[in-house]
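Please look over this structure with an eye to its charged pairs and its helix packing. A short report follows.

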Amino acid sequence: MTVPRSGRAWGVAVAVVFAAPGCLLVARALADVWRAPAILPQRWGTRGLDVALSGRALDALATSTAVAVTTTALALLLAWPAARVLGERRLRRPGLVLAVLALPLLVPPYATGQGLTEWFVRLGLVDTAAGLVLAHLVVVLPYVVAALTPGFGPRLHALEEMAATAGLPPRLVWRTVTLPAVAPALGAAAFLGFLVSWSQYGSSLAVGGGRPLLPLLLVPFAGSDPQVAAALGLLFVLPAVLVLALATRAARSPL
């Protein structure tokens with residue numbers, strides 16, 4: 001089917017709108033001197049990239065990635081049974097359960113982190129990777145449950161029962177029936193969970209302020225050095241784009 005010219009023009013316009021901020025971010029990261037009212041930088045350079053690719057920034061990138069991946073994996077493991085129960089409507093009041101799960105989202109992340117800090121100090125989890133994962137998990141888990149729940153439902157349950165009746169073992173039923181059906185929701189939940197954990201600033205500052213994390217490193221430069229902030233912003237966006245690509249591919253090819 002041929003796409004009308006108006007449709008293609010609209011698609012190009014939307015693509016330009018979405019690409020413009022990224023192009024401006026790249027330009028700001030490469031602009032050693034860019035004073036108003038000049039439209040283009042007066043001098044180009046790599047000072048911002050040099051800082052973004054320095055040892056401290058790379059350490060922060062590695063720590064943030066490890067915490068976000070671990071948090072997302074734990075959230076998916078914990079959310080799977082909860083989402084299944086909610087999706088199959090086994091509870092009389094699933095809305096009430098979702099409301100309880102969403103309670104941490106009603107409180108600012110920094111306040112949640114401050115509330116956890118008192119207990120984490122007693123448990124020796126402050127400024128540790130385990131403490132950061134647990135603090136992020138409090139915020140990430142509701143999002144993952146909400147994104148994963150639509151993947152389950154009575155129809156999936158019926159398909160699983162048909163496969164089991166046909167003689168397929170539980171492991172094969174999960175691989176050939178359950179996983180392909182839930183894969184789109186699973187990919188969306190994984191991407192959302194990673195993104196929420198990756199961008200956590202408040203809870204990270206409260207619980208793990210002593211550990212290098214990319215959001216904690218980026219925010220101070222936003223007001224003092226826009227070029228370095230833009231370069232760190234590019235570093236901040238890259239893993240999220242990669243995770244989006246992986247989640248999309250996994251949703252299309254679950255097996």
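## Salt bridges and a helix pair

Glu160 is buried, as is Arg84; buried means under 20% relative accessible area, exposed means over 50%, and partly exposed lies in between (1.4 Å probe, protein chains only). The model is predicted: local features need pLDDT of at least 70, side-chain atom pairs count only at pLDDT 80 or more, and totals for chains, interfaces and linings use all residues. Residues are numbered from 1 along each chain as its sequence is written, and side-chain values use heavy atoms, with hydrogens and water left out.

The side chains of Glu160 and Arg84 form a salt bridge, that is, a side-chain nitrogen of Lys or Arg within 4 Å of a carboxyl oxygen of Asp or Glu. This pair links distant parts of the chain, with Glu160 in helix H7 and Arg84 in helix H3. Helices are DSSP runs (H or I, at least four residues), numbered from the N terminus.

The whole structure holds three salt bridges. They are tabulated here.

| Glu160 | Arg84 | 2.1 Å |

Asp225 is buried at 16% relative accessible area. Arg47, at 37%, is partly exposed.

Glu118 and Arg122 share helix H5 (residues 109–123). They are four residues apart, about one turn of the helix. Glu118 is partly exposed at 45% relative accessibility, whereas Arg122 is exposed at 55%.

Now the helix pair. The axes of H7 (residues 154–165) and H8 (residues 170–198) come within 10 Å and cross at roughly 165°. Axes are lines fitted to C-alpha atoms over the stretch in contact, and angles run from 0 to 180 degrees between N-to-C directions. H7 and H8 are therefore roughly antiparallel, a term for angles over 145 degrees.

On the H7 side, the contact (heavy atoms within 4.5 Å) is made by Leu156, Leu159, Glu160, Ala163 and Ala164. H8 supplies Val173, Val177, Thr178, Ala181 and Val182.

Thr72 lies in helix H3 (residues 55–87). Thr72 is buried, at 7% relative accessible area. Neighbours within four places in sequence aside, Thr72 contacts Ala190, Gly193 and Phe194.

Methods. Helix = DSSP H or I, 4+ residues; strand = E, 2+ residues; numbered from the N terminus. Parallel < 35°, antiparallel > 145°, perpendicular 65-115°, else oblique.
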